[in-house]
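Please work through each task before reading its solution.

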Amino acid sequence: MNILPIQDIISGCRKNNRKSQKALYQLFYSFSMKICLRYAKDKEEAIEIVNDGFMRVFTHIGRYDSAKSFKSWLSTIMINTAIDYYRRRIKSIEMEELNDKHDVEDAESILSRMHYEDLISLVQKLSLAYRTVFNLFVIDGYSHEEISKMLSISTGASKSNLFKAREQLKRMLREAGSPVSHSLNINVND
């Protein structure tokens, strides 16, 4: 099987060529799945988000600027698709506000002490609201102000959900006997 250069595949996708679309999907499926698994509660939900994301990619491929990184553009689409999925689901889930001010702890990334797959399996156990805010803040680097706009929640709700996600992750790590449970410090006041 001949593998076409990415720009040739993208060019074919712009012409709605099914073979090019299939090639793009196969080439970037794993990359997209890694992103969507962070936001999904399980693999089936992640697959649904990935497929929705690729539909957006094929629909809006004309907007892709070939002078920029395709992976970066694709990553943005997958994150936004996951957020839209979240928004549809959140209508039935109330976001919680936290009125108490939390003590600021030194930020130390759990990512440096855990395997990626272990972290993802724990994050997937979080509620939809906690999981989404945790991913956007900790993994994708959005600020609480940006998250509040993306999810149509208050900045306080974003901070609260991050704090509660962190606390639940600490509890899960303690229950699993992990030595990193005491160091799950993610600054909620950023």
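Rings of Phe, Tyr and Trp (its six-membered ring) pair if their centres lie within 6.5 Å; planes under 30 degrees apart count as stacked, over 60 as edge-to-face and the rest as tilted. The model is predicted: local features need pLDDT of at least 70 and side-chain atom pairs pLDDT of 80 or more, whereas totals for chains, interfaces and linings use all residues. Residues are numbered from 1 along each chain as its sequence is written, and side-chain values use heavy atoms, without hydrogens and water.

**Exercise 1.** Determine how many aromatic pairs there are, and characterise the pair of Phe28 and Phe70.

*Solution.* Step 2: Phe28 and Phe70 form a tilted pair, 5.0 Å centre to centre with 55° between the planes. Step 3: this pair links distant parts of the chain, since Phe28 lies in helix 2 (residues 18-39) and Phe70 in helix 4 (residues 70-90), 42 residues apart; helices are DSSP runs of H or I, at least four residues, numbered from the N terminus. Step 4: Phe28 counts as buried because its relative accessibility is 8%, where buried means under 20% relative accessible area (1.4 Å probe, protein chains only).

Terms used:
Helix = DSSP H or I, 4+ residues; strand = E, 2+ residues; numbered from the N terminus. Buried < 20%, exposed > 50% of the residue type's maximum accessible area, 1.4 Å probe, protein only.
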